Amino acid sequence: MTKKQRAELVQRELDKLYPTTPIPLDHTDPYTLMVAVALSAQTTDKKVNQVTPALFEVAGTPQRMARLEEYQIKELIKEIGLSNTKAKNLKRMAELLLERHNGIVPQTYEELEALPGVGHKTASVVMSQGFGFQAFPVDTHIHRLMTQWKLTSGKNVVETEKDAKAIFPEEVWNKLHLQIIFYGREYSPARGKGEKDFITKMMFEK
């Protein structure tokens, strides 16, 4: 099976499994999405969704977040890993949004990635899921599956993102990256043995 055939197989099977792709992180606008994604680093989406309702109730806008002290933000997100760093980032992120962008989340990678706690993956999620631009955010799960499916030889998520964009049509990027994440969680978890990973078996089992 060629790389192109493997990519087509991935698209076909994932469209059957996940015809719709709800965004895993609860949010109401681009700002709350950006905060939720920033909080999700090294933490499960489920845990983030448990914490953000109380956070957004008191700090659902940059204006309200900036008014809080770091210790107050930390108290609201203390169940999440790296809460000290994340609280500091959230406060400074809100302050810079007010100083540089009138409290509005910018719509360029350069401006997003200049904000504390916003790396390329977070910026890609905001651009794709917040604003509808075609992007292919790659996390460690997508990197692992793309490697497993021999669709990338990338050594890191940056190289894998480049390969993914080259092999999959741009119009499916926003949907497909979520489909791969859903598939990884359900059929090929990182700590599992891959018994349920039928896509890999379809590709490589004779």
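In the predicted model, the buried residues of helix α3 are covered by elements that include α2 (30-39), α4 (62-67), α5 (70-77), α6 (83-101) and α11 (173-187). The residues of α3 that are buried are D45, V48, N49, V51, T52, L55, F56 and A59. Helix α3 itself spans residues 45-59 and bends by about 40° at T52; a proline, P53, follows within four residues of this position.

T122 is classed as buried because its relative accessibility is 8%, and the cut-off for burial is under 20%. When neighbours within four places in sequence are set aside, the contacts of T122 are M34, V37, A38 and G117.

Aromatic rings were examined next. A pair of aromatic rings is described by the distance of the centres and the angle of the planes. The model contains six aromatic pairs. One of them, formed by Y183 and Y187, is stacked, with 5.0 Å from centre to centre and 20° between the planes. The angle qualifies as stacked because planes under 30 degrees apart are assigned to that class. Both tyrosines belong to helix α11 and, because they are four residues apart, are separated by about one helical turn. Y183 and Y187 are both buried.

Y183 also pairs with F198, in this case edge-to-face, at 5.7 Å centre to centre and with 75° between the planes. Y183 lies in helix α11 whereas F198 lies in helix α12 (residues 198-204), so this pair ties together parts that are 15 residues apart in sequence. The two partners were assigned to separate accessibility classes: Y183 has a relative accessible area of 0% and is therefore buried, while F198, with a relative accessible area of 25%, is partly exposed. Through ring pairs, W149, Y183, Y187 and F198 are linked into a cluster.

Lysine side chains were also found over aromatic rings. The charged end of K196 is placed over the ring of Y187, at 5.6 Å from the ring centre; Y187 is the residue that stacks with Y183 and is a member of the cluster. K150, in turn, lies over the face of F204, 5.2 Å from the centre of that ring. Helix α12, which contains F198, covers residues 198-204.

Terms used: Residues numbered from 1 in each chain as written. Predicted model: local features only at pLDDT ≥ 70, side-chain atom pairs only at ≥ 80, totals over all residues. Heavy atoms only, no water. Buried < 20%, exposed > 50% of the residue type's maximum accessible area, 1.4 Å probe, protein only. Contact = heavy atoms within 4.5 Å. Bend = angle between axes of the 7 residues up to and from the residue. Helix = DSSP H or I, 4+ residues; strand = E, 2+ residues; numbered from the N terminus. Phe/Tyr/Trp six-rings, centres within 6.5 Å; stacked < 30°, edge-to-face > 60°. Lys NZ or Arg CZ within 6 Å of the ring centre and 35° of its normal.
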